[in-house]
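Good morning, and thank you for coming. Please keep the model in view as I speak.

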Amino acid sequence: MAEFPTKARVVIIGGGAVGASSLYHLAKKGWTDCVLLEKNELTAGSTWHAAGNVPTFSTSWAVMNMQRYSTELYSGLGEAVDYPMNYHVTGSLRLAHSEERMQEFRRAAAMGRYQGMEIELLTPEEAKQRYPFLETHDLAGVLYDPHDGDIDPAQLTQALAKGARDLGAKILRFTPATGVTQTPQGSWIVHTDKGDIACDYVVNAAGYYAQRVGEWFKPYGGRSVPMMVMSHQYLLSEEVPEIEAWTRQSGHKLPLLRDVDTSYYLRQEKHGFNLGPYEPNCRAHWVDEGDPMPEDFSFQLWQDDLDRIEEIVTDAMERVPLLATSGVSRVINGPIPYAPDGLPLLGPMPGVRNAYEACVFTFGIAQAGGAGKVLAEWIVDGATEWDMWACDPRRFTDYTDHDYCVAKGMEVYGNEYAMHFPWHEWPAGRDRKLSPVHDRVKALGGQMGAYNGWERANWFAKAGDDTSEEATHTWGRSGPWEQRIRAECEAVRDACGVLDLPGFSRFKVQGPGADDWLRGLVTGALPKVGRVGLVYFADDRGRIVTEMSVTREAEDLFVLVTAAAAQWHDREWLERHLPENCAFTLEDWTDRMSTLIVTGPQSRAVLGGLCNADLTLPWLSFQESEIAGGWVALLRVSFAGELGWEIHAENADMPAIYDAVLAAGARPFGMWALNNLRIEKGYRAWKGDLSTDYSLLEGGLERFVKLDKPQDFPGKPALLAEKQRGVKKRFVTLVVDAGDCDAPYMSCLWHGGEIVGETTSGAWGYRVGASIALGMLRADLAVPGTELEVEIYGAKHRAVVQQDRPLWDPDNERLRA
């Protein structure tokens with residue numbers, strides 16, 4: 001028997017497909033002194049009973065990248081590691097029952113083409129030629145993905161494990177981890193029933209047991225892993241003679257079928273069928289004391305529960321009548337973990353140094369290959385090739401308690417194939433964090449959306465407006481909200497609007513040395529005392545990590561404000577760069593204060609009657625004052641691009657302040673109007689326009705980069721090198737002849753018959769009367785007047801590159817008024 005390892009660079013807890021892939025990719029990057037611990041046999045969790053489908057389809061750019069990489073890896077993995085694998089690339093047909101679904105397909109197909117995948121859109125008749133047993137009379141169209149298929153999950157895991165072992169990594173089966181201890185230096189001791197292993201990094205890859213493993217990290221800054229477990233069933237049919245005959249005649253298997261509007265997949269399994277429904281009438285397991293999670297559920301299943309899926313099975317038999325001719329040979333009913341949004345937790349463990357998560361994979365077989373690549377990049381390189389915020393564990397903060405996770409997990413499962421319309425808000429798990437004026441906002445007609453758990457008004461409805469969930473099921477601009485958003489934007493343009501904005505991530509940096517520390521961290525300059533500035537943070541590659549506003553209240557007192565969703569991400573970035581034994585402090589004040597945006601040409605008059613502040617102080621100034629008896633910080637900035645102020649105040653004082661601002665004549669407006677307004681100014685949004693997919697120079701942020709300042713900041717050498725050689729892409733503003741739909745994130749930009757860039761956001765500009773898109777374009781085409789085409793849900797629309805200045809108020813005269 002091999003000697004038990006007492007030291008390793010990385011210890012991975014969990015021996016499913018994702019854990020094995022993580023070990024393999026670490027070894028491929030040269031980190032061979034790594035250990036994987038599995039309490040039973042490899043694949044004993046969700047992997048062993050997984051159906052093994054390997055799609056590439058996604059409307060998330062990050063997830064599509066990850067799944068595409070998996071298909072590329074799997075196609076050559078067996079030969080690369082000398083291990084036999086059953087990987088069938090059959091292609092797949094996704095069925096659309098509506099034009100809205102076809103629009104989704106067109107967008108995904110364009111994204112796939114941009115990533116090099118030839119995804120096709122078929123007529124029902126063309127689909128019938130590829131799948132002769134399919135009923136197509138009620139279909140609007142079909143998406144065909146030639147890269148889709150299925151793989152044997154056990155063989156995949158064993159192949160990855162063999163590859164890792166051959167490179168020198170170790171796998172310890174039947175060796176359960178029992179806990180962890182972090183040393184004062186930040187390294188780890190992982191405890192097992194066979195001994196301890198000292199290591200630099202730990203990875204929680206424990207699948208549906210990830211929450212239990214996560215509890216071990218709480219003493220070191222961790223939190224409860226946001227997840228729950230669903231029961232998922234699929235049926236294996238008896239063999240069907242017609243399938244066997246067709247396969248022999250054609251020489252290949254049938255394409256995998258997904259009827260996404262009915263919510264199931266159907267694929268050929270040997271000479272029969274594998275039917276996997278995602279039923280709305282779903283069931284969560286291990287959620288209460290009456291159904292406790294067992295200590296070990298290795299290689300176990302639950303009893304069949306076919307009543308839940310009867311309607312979907314009946315529908316599938318009508319879609320493929322051949323299915324009804326065979327009996328059921330076996331039912332698989334096993335546990336699948338779900339995060340609150342259905343995407344995995346992949347990246348740094350929130351709040352814990354030198355610990356990572358690669359867990360809660362709902363589609364772990366399809367994503368395992370890409371997940372291993374991403375996890376290895378996080379650990380070895382400190383950054384990933386693709387921006388992976390969609391899967392970053394830090395996207396969930398302190399609002400994801402048990403009840404929330406169960407409600408959202410069931411909602412996601414029951415709507416697994418649902419379309420994610422831009423105007424739609426999912427109803428489960430709401431009201432987790434409320435503004436001090438939440439009830440007032442609702443009473444004014446606020447139609448709420450969730451932002452990092454915080455409820456904010458998206459728009460304000462009037463009596464008689466259709467505020468039903470069904471009304472939001474459209475990709476188009478028009479809807480009950482459209483006229484209200486227009487009026488809200490016009491109120492900000494012509495008079496004064498007020499936006500309640502709870503949940504801004506807010507950090508206070510105070511004490512000797514704070515100035516020097518920040519100067520060595522941001523890419524540009526810091527504001528003077530009494531002033532506000534915008535600063536950027538880069539990684540070592542010069543790519544955009546985050547954006548913050550900085551208010552300098554005193555020589556060594558700074559308040560940093562950033563996006564609500566960025567709270568744990570940005571706090572960790574700051575904490576990770578703190579010097580040892582520093583004399584200054586970093587505090588998170590996010591939950592202590594709230595914010596109003598008061599903006600528009602009459603905002604000075606509105607505020608002038610409420611406070612004694614000097615409202616003639618220039619743009620980007622800061623001062624303290626009092627409104628309605630409460631202390632306020634007034635920042636003369638406006639993300640709406642008009643004369644305006646942000647009012648920052650203690651939560652307890654905000655109701656009286658809000659009432660006073662409304663009584664003085666300000667009109668409430670919502671987040672959707674703010675998005676339209678900021679696009680007209682070319683203001684960037686985090687993780688859309690600003691992400692690690694782009695460098696600061698590509699992002700058009702040169703004025704926020706001081707390469708000649710004496711301090712060395714992260715990314716400075718990379719940005720110097722990029723400036724010398726020139727950027728490959730450049731940020732542009734486009735005016736688009738868009739039709740009914742504005743350009744969504746990652747719409748392809750075309751020129752001369754080829755894809756030359758992508759949009760990062762798009763919306764209608766009510767002040768300029770045009771559809772606007774922000775995007776990244778091949779540098780040689782980023783010239784004002786260049787004509788392009790933007791592919792919006794499959795249709796190409798003329799677009800023109802604009803000058804590098806805001807479309808609205810290009811000289812900022814209104815801001816500075």
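In this predicted model, six strands form a closed barrel in the order β33-β36-β35-β34-β37-β38, and their pairing is antiparallel. On average, neighbouring strands of this sheet are turned by 40° against each other, direction ignored. One of the pairs is that of strand β33, residues 729–736, with strand β38, residues 795–801; these two are joined in the antiparallel sense over three bridges. Within that part of the sheet, valine 736 has alanine 799 of β38 opposite.

Which helices lie on these strands? Helix α17, residues 671–680, packs on the sheet, where β35 and β36, the latter spanning 770–778, are the strands touched. The direction of α17 makes about 125° with that of β35. Helix α3, residues 99–114, lies across β33, β34 (748–751), β35 (754–765) and β37 (787–792). Relative to β35, α3 runs at about 140°.

As a general matter, nonpolar side chains in soluble globular proteins tend to be buried together. Here, the largest nonpolar core has 54 residues, and those touching the most other members are Phe105, Met230, Tyr265, Tyr338, Leu696, Leu701 and Leu719. Elements that give two or more residues to this core include α2 (61–81), β12 (228–237), β17 (328–338) and α10 (402–414), together with α3 and β36. The most is given by α3, with five residues.

Leaving aside residues up to four places away in sequence, methionine 230 touches, among others, Cys282, Trp302, Ile336, Tyr338, Met410 and Tyr413.

How many disulfides does the model contain? The count comes to zero. Cysteine 282, already named as a contact of methionine 230, is in no disulfide, and the nearest cysteine sulfur, in cysteine 405, is 15 Å away. Cysteine 282 has 12% relative accessibility and therefore counts as buried.

Thank you; I would welcome your questions.

Definitions and conventions:
Residues are numbered from 1 along each chain as its sequence is written. This is a predicted model: local features need pLDDT of at least 70, side-chain atom pairs count only at pLDDT 80 or more; totals for chains, interfaces and linings use all residues. Side-chain values use heavy atoms; hydrogens and water are left out. Two strands pair if DSSP finds at least two bridges between them. Helices (H or I, at least four residues) and strands (E, at least two) are DSSP runs, numbered from the N terminus. Axes are lines fitted to C-alpha atoms, for helices over the stretch in contact, and angles run from 0 to 180 degrees between N-to-C directions. Contact means heavy atoms within 4.5 Å. A nonpolar core is a set of buried Ala, Val, Leu, Ile, Met, Phe, Trp, Tyr and Cys residues joined through side-chain atoms within 4.5 Å. Buried means under 20% relative accessible area, exposed over 50%, partly exposed in between (1.4 Å probe, protein chains only). A disulfide is a pair of cysteine sulfur atoms within 2.5 Å.
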